[in-house]
Amino acid sequence: MTALSVRTDRLRTDRTPFVLATVVRAERPTSARTGDRALVLPDGTLEGFVGGTCAASTVRTQALRLLESGESTLLRITPEPEEQNAEGMLSVTNPCLSGGTLDIFLEAVIPPTLIQVFGDGPVARALVDVGAATGYDVRPAESPATPITPDAAAVVIASHGRDEDDVLNAALRAEVPYIGLIASPRRGAAVIERIEGGRRVRTPAGLDIGARTAPEIALSVIAEIVSVRPRPVARPATPTVGQAGSAGQAGAAGQAGPAPVVAAQRAIDPVCGMEIVVTTATAQLEHAGRVWSFCGPGCVHAFIDDPDRHTP
């Protein structure tokens with residue numbers, strides 16, 4: 001197993017969203033080769049190799065857009081604009097390239113929605129089975145002392161009246177988006193009344209589908225979680241300066257939707273006009289009271305040679 005494969009396994013285990021970039025075609029002259037791979041993390045960090053500085057900058061920028069939308073796409077990086085763009089491909093003109101063309105598949109890997117289920121009865125066990133079958137990451141917790149996972153999208157209490165208050169209070173403090181209590185209407189109403197902020201608790205949990213058996217109740221709860229989850233806006237990696245084309249989409253059942261908002265700062269290279277993501281590795285220069293960011297050393301040198309040409 002390669003170091004990059006080990007790293008991706010760790011990211012999946014830690015529920016960290018990332019984009020896997022794989023070079024699927026390299027037209028010389030390029031420094032990348034078919035099969036080269038890299039990871040792009042939500043903070044803009046790029047691990048691995050998919051080309052030189054300019055190619056890596058383009059991959060980083062487009063990958064962060066995909067993390068926001070939860071989509072995947074085939075990215076083409078070319079030194080010259082193409083007359084016609086292939087369907088389902090995002091084509092980016094990068095004049096910094098050495099003359100070749102790169103086709104890179106960008107796969108957004110978003111952790112599946114996490115549901116914590118408290119209890120060990122038939123409904124709790126059915127929730128684990130039904131949730132897993134629909135693509136969710138369902139984690140059972142028999143002990144009420146089990147911590148609420150920070151990125152839990154739903155907490156369902158199916159403990160038949162045992163230790164409900166402690167778990168409900170913990171879920172409310174954690175501001176979990178969906179909190180469901182498996183209980184009769186009468187008992188559920190009583191629990192809500194004695195819990196501060198209890199009006200946020202859905203009880204009886206689940207959509208009214210006439211459920212009777214434990215699997216049917218579990219199905220109604222999963223259906224309700226699906227019905228109230230945030231709906232990500234489907235949008236391609238919108239072309240900016242020097243870009244054209246359309247992005248493909250790759251959604252998966254049970255996905256949490258877009259990754260957390262990326263905090264990375266973006267800037268426009270004043271020489272080539274390309275949008276870049278500013279990281280600790282980004283080349284920067286101060287001129288005329290402003291800090292300028294660049295996609296690579298070539299643009300830095302061009303700016304130094306004639307800064308007035310590249311500034312307003």
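**Ala-288 lies in the loop between β14 (283-287) and β15 (290-294).** This is a predicted model: local features need pLDDT of at least 70, side-chain atom pairs count only at pLDDT 80 or more, while totals for chains, interfaces and linings use all residues. Residues are numbered from 1 along each chain as its sequence is written, and side-chain values use heavy atoms, leaving out hydrogens and water. Helices (H or I, at least four residues) and strands (E, at least two) are DSSP runs, numbered from the N terminus. Ala-288 isn't a glycine, yet its phi is positive, about 55°. With a relative accessible area of 70%, Ala-288 is exposed. Here, buried means under 20% relative accessible area, exposed means over 50%, and partly exposed is what falls in between (1.4 Å probe, protein chains only).

**Arg-15 also has a positive phi, about 60°, without being a glycine.** Look for Arg-15 in the loop between α1 and β1; this is the residue with phi near 60° that follows α1. Is Arg-15 buried or exposed? Its relative accessibility is 11%, so Arg-15 counts as buried.

**Helix α1 (residues 3-13) has Leu-4, Ser-5, Thr-8 and Leu-11 buried.** These residues cover an arc of only 120° around the axis, so they end up on the same side of α1. The arc is taken from the directions that run from the helix axis to the C-beta atoms. Turn to the face of α1 that points away from the buried side, and you'll find the exposed residues Ala-3 and Thr-13. What do the buried residues of α1 pack against? Their partners are β1 (18-27), β2 (37-40) and β3 (46-48), where contact means heavy atoms within 4.5 Å.

**Ala-21 is part of strand β1.** Its relative accessibility is 0%, so Ala-21 counts as buried. Leaving aside residues up to four places away in sequence, Ala-21 touches Asp-36, Arg-37, Ala-38, Val-50, Val-59, Ile-104, Phe-105 and Leu-106. Along the chain, Ala-21 and Glu-107 are 86 residues apart, but their C-alpha atoms are separated by 6.4 Å.

**Helix α4 (residues 164-173) packs with helix α5 (residues 185-194) at an angle of about 55°.** The two axes are 11 Å apart. Axes are lines fitted to C-alpha atoms, for helices over the stretch in contact, and angles run from 0 to 180 degrees between N-to-C directions. α4 and α5 are therefore oblique to each other: angles under 35 degrees count as roughly parallel, over 145 as roughly antiparallel, 65 to 115 as roughly perpendicular and the rest as oblique. Which residues make the contact? From α4 come Glu-164, Asp-165 and Leu-168, and from α5 come Arg-187, Val-191 and Arg-194. Sorted by class, the contact of α4 with α5 has two nonpolar, no polar and four charged residues. Ala, Val, Leu, Ile, Met, Phe, Trp, Tyr, Cys and Pro count as nonpolar, Asp, Glu, Lys and Arg as charged, and the others, Gly among them, as polar.

**The peptide bond from Arg-28 to Pro-29 is cis.** Its omega is near 0°, and Pro-29 sits in the loop between β1 and β2.

**Thr-203 and Pro-204 are joined by a cis peptide bond.** Omega is about -10° for this bond. You can find Pro-204 in the loop between α5 and α6 (214-228).
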